[in-house]
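I opened my notebook to look up a few ring contacts and their surroundings. Here is the model I had on screen.

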Amino acid sequence: MSSTPTTAAPAALPVFTLERHASGRLVYTGADGMPRHGVTPVRAFPVSAPEAGLSLVSAEGHELVWIDRPADLPPPLRALIDEELAHREFMPEISRIREVSTFSTPSTWTVDTDRGPTTLVLKVEEDIRRLPGRRLLITSGHGIVFSVRDMGALDRASRKFLERFL
């Protein structure tokens, strides 16, 4: 194994260790002492409540442990889980809309994201989904989901582009 095991034992959690194997995959070892390779963290509500509960799931799809409050985990364990989730939950966040080719669909959008500038195609207006708290999910023609954390926090020009489609 390539990293030092990190143990979790808050009051509500069973004791377990989690470490990254040399292959890059996570290894979970529960109270039974049996290591399970290829573990995946899965959020219960990744969009509406990303900080709520999550499961560590075996390579076979079986839940190994439920974690009610990931924020309560020891920092090294939380960092390992967050790192794995970042690979699994690819969702660029739009910080600015620079240009929209047309105000009807399909349209090509040029945007700035937390992962750099990109272009996306909005096929139909229904590909923009409103969420509570002025959040939006925008699905591109290639199936990539982009998020807007707070529509009100965007610059005025970006908000005007969005208003044309909402």
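These are my entries, in the order I looked things up.

**Entry 1: the rings.** I kept in mind that this is a predicted model. I looked for aromatic pairs and got 4 of them. One of these is Phe103 with Phe165, whose ring centres are 6.2 Å apart. The angle between their planes is 45 degrees, so I wrote the pair down as tilted, since stacked needs under 30 and edge-to-face over 60.

**Entry 2: where the two sit.** I found Phe103 in the loop between β7 (94-100) and β8 (107-113), while Phe165 belongs to helix α2 (residues 156-165). They are 62 residues apart, so I noted that this pair links distant parts of the chain.

**Entry 3: buried or exposed?** I checked both partners of the pair. Phe165 has 4% relative accessibility, and it counts as buried because that is under 20%. Phe103 comes out at 34%, which makes it partly exposed.

Entry 4: I moved on to Ser107, which lies in strand β8. Its relative accessible area is 1%, so I put Ser107 down as buried. Leaving out residues up to four places away in sequence, Ser107 touches several others, including Leu120, Leu122 and Phe165.

Methods. Residues numbered from 1 in each chain as written. Predicted model: local features only at pLDDT ≥ 70, side-chain atom pairs only at ≥ 80, totals over all residues. Heavy atoms only, no water. Phe/Tyr/Trp six-rings, centres within 6.5 Å; stacked < 30°, edge-to-face > 60°. Helix = DSSP H or I, 4+ residues; strand = E, 2+ residues; numbered from the N terminus. Buried < 20%, exposed > 50% of the residue type's maximum accessible area, 1.4 Å probe, protein only. Contact = heavy atoms within 4.5 Å.
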